[in-house]
Amino acid sequence: MAYSDKVVDHYNNPRNVGSLDKKDGSVGTGVVGAPECGDVMKLQVKVSEEGVIEDAKFKTFGCGSAIASSSLATEWLKGKTVDEAQEIKNTQIVEELNLPPVKIHCSVLAEDAIKAALNDYREKNGQPAVGDSRSAV
Amino acid sequence: MSGCEADKKTAFSIFDESGEICPIPAETDYFAFFSMPRKMELDEFDLESRYFKLSRKLHPDFFMNAPASKRILSLEASARLNEAYKTLKDPIQRAVYLVELESGKLQENDSTPPADMLEEILEAQEAVVDFKCCEEEEQAESLLRNLEAAKECFEAQRSGQRAALKDLGERWDRAVEAGEPPPAEVVQKLRSILGLRNYIDNILRSVQNALEMAS
């Protein structure tokens with residue numbers, strides 16, 4: 001089974017790899033893992049005072065699809081408001097990257113990471129957490 | 001066929017009373033396949049000898065002149081036998097299989113990895129990547145020390161988990177021997193520890209691979 005061109009592109013040139021300061025009040029951090037394959041994903045967002053995501057970074061230890069899913073997620077997050085970011089669905093990632101069924105869980109992991117990061121940001125800023133960070137397809 | 005039906009109710013058998021190979025009922029688990037109790041601890045020599053015995057009976061070579069339907073049954077049974085043996089002979093795979101057999105598939109929410117564990121994994125993996133691309137000797141040496149420390153740390157976690165699994169396995173087996181279901185607390189702890197195994201295995205593989213490149 002071959003990876004799609006888009007997955008290969010994100011894998012070879014991952015966008016926004018790195019870290020933001022976890023202790024910064026405007027930074028939300030989500031670290032999630034997939035027990036069945038052992039992949040680990042960390043995704044961070046930096047939110048402006050206006051509630052817009054001005055920066056996003058990720059680090060992923062996992063397969064090409066997991067790296068591509070988180071790389072794509074950081075690209076999509078930038079410029080969105082926290083509420084808009086909440087609406088990102090793993091199915092959109094699947095569609096954009098053309099992920100085969102066996103790799104759908106990678107996109108679920110990315111969605112989980114986004115939601116965990118957003119909730120971490122909300123918690124730091126005295127806002128209630130939204131939804132269940134675990135979602136299934 | 002009637003022989004197969006009767007056997008299903010008592011002990012599982014691959015052959016009916018006239019010695020003809022039968023289809024294996026879908027619900028036959030790997031322990032039933034070898035007529036061994038559903039326990040965590042298992043005599044690996046006993047398993048191996050049962051495996052060889054069954055292999056000799058089921059091998060497709062012995063069905064070369066049999067009707068096509070029997071040849072297919074022998075192929076299917078042999079494939080199933082190999083899978084069963086591979087799963088049961090490895091203590092970890094056996095534990096996963098048995099726990100899933102008794103209490104359903106392991107799921108994401110079975111285990112929440114300790115807060116720092118995932119971060120430690122990401123850090124170790126970063127050191128692996130840096131080490132692989134590093135061209136400066138001094139930095140490489142410091143990264144190498146980091147990797148060795150990471151290896152030690154994850155290996156310690158793994159042996160801690162193995163020890164816990166052994167202990168829980170013994171409690172499981174005692175319940176089974178007493179004819180009782182395994183205590184819920186034991187099942188839940190087993191599920192939680194088994195859910196972490198892939199994280200540790202993956203990062204150790206990656207770190208070891210980098211260390212091998214260095215030596």
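These legends describe close-up views of a predicted model.

**View 1. The two domains of chain B.**
Chain B is split by the domain assignment into domain 1, residues 3-89, and domain 2, residues 115-214. Their centres, taken over C-alpha atoms, lie 35 Å apart.

**View 2. Where domain 1 of chain B meets domain 2 of chain B.**
On the domain 1 side, 4 residues are in contact; on the domain 2 side, 6 residues are. Together the two domains of chain B bury about 440 Å². Carbon and sulfur atoms account for 62% of that area. Look for B:Arg38, B:Lys39 and B:Met40. These three residues supply 88% of the area that domain 1 of chain B buries against domain 2 of chain B, more than any other three residues.

**View 3**
The interface of domain 1 and domain 2 of chain B holds 1 salt bridge. B:Lys39 and B:Glu177 form a salt bridge through their side chains, with N and O at 2.9 Å. Between the two domains of chain B, 3 residue pairs are in polar contact, both residues at pLDDT 80 or more. The side of domain 1 of chain B that touches domain 2 of chain B has 3 charged residues, 1 nonpolar residue and no polar residues.

**View 3. Chain B against chain A.**
Chain A brings 17 residues to the contact, and chain B brings 14 residues. The two chains bury about 1,400 Å² between them. Of this area, 62% comes from carbon and sulfur atoms. On chain B, find B:Glu108, B:Leu122 and B:Tyr199. They supply 44% of the area that chain B buries against chain A, more than any other three residues.

**View 4. Salt bridges and polar contacts between the chains.**
Chain B and chain A are joined by 3 salt bridges. A:Lys59 and B:Glu126 form a salt bridge, and their closest N and O atoms are 2.7 Å apart. Across the interface of chain B and chain A, 7 residue pairs are in polar contact, again with both residues at pLDDT 80 or more.

A:Cys37 is partly exposed, at a relative accessible area of 23%.

Is B:Cys133 buried or exposed? B:Cys133 is exposed, with a relative accessible area of 57%.

Key. Residues numbered from 1 in each chain as written. Chains lettered and ligands numbered in written order. Predicted model: local features only at pLDDT ≥ 70, side-chain atom pairs only at ≥ 80, totals over all residues. Heavy atoms only, no water. Domains from an automatic or database assignment. Contact = heavy atoms within 4.5 Å. Buried area = accessible area lost by both parts, 1.4 Å probe. Salt bridge = Lys/Arg side-chain N within 4 Å of Asp/Glu carboxyl O. Polar contact = N/O pair within 3.5 Å; in protein donor to acceptor, adjacent residues only side chain to side chain. Nonpolar A, V, L, I, M, F, W, Y, C, P; charged D, E, K, R; others polar. Buried < 20%, exposed > 50% of the residue type's maximum accessible area, 1.4 Å probe, protein only.
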